[in-house]
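Student: I have a model open on my screen and I'd like to learn how to read it. Can you walk me through it?

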Amino acid sequence: MSNVPDVLTAQQKKQLRGLAHALEPIVRVGNAGITAAVLNEVDLALGHHELIKIKITVADRSSRDAMIKSIAESSSATVITRIGNVAVLHRPQPSGSRLLVP
């Protein structure tokens, strides 16, 4: 059973932002947009790391926000934060989270 609830509190998101600070973006979304390969890589990365950064190189801010929301919904992840063109996603493993979140 996971020690991370479905809805994260502000304190839990703050802790996850701190853990994500040193991470490099694992998945990059380019001009091709969200493809099946991108969604597959996000799913694999979340399954392995639980907490990942993704970088979206689209000039339009509203398009970036829509892409981040779409990726999070299709991967059943929570958007922890978004700064510029980088977003942090979190999805605990079903067998139990390895991250220590209060």
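Tutor: Let's start in a loop: Ser76 lies between helix 3 (61–74) and strand 3 (78–83). Helices (H or I, at least four residues) and strands (E, at least two) are DSSP runs, numbered from the N terminus. This is a predicted model, where local features need pLDDT of at least 70, side-chain atom pairs count only at pLDDT 80 or more, and totals for chains, interfaces and linings use all residues. Residues are numbered from 1 along each chain as its sequence is written, and side-chain values use heavy atoms, leaving out hydrogens and water.

Student: What is the phi of Ser76 near?

Tutor: Near 55 degrees, which is positive in a residue other than glycine.

Student: And which loop holds Glu50?

Tutor: The one between helix 2 (36–49) and strand 2 (51–56). Glu50 isn't a glycine either, yet has a positive phi of about 75 degrees.

Student: Is Glu50 buried or exposed?

Tutor: Buried means under 20% relative accessible area, exposed over 50%, partly exposed in between (1.4 Å probe, protein chains only). Glu50 counts as buried because its relative accessibility is 0%. Ser76, at 59%, is exposed.

Student: What pattern does the protein chain follow along the sequence?

Tutor: It reads α-β-α-β-α-β-β, with 3 helices and 4 strands.

Student: What is the mean pLDDT of the protein chain?

Tutor: pLDDT is the predictor's confidence in each residue, from 0 to 100. Here the mean is 87, and 87% of the residues reach 70 or more.
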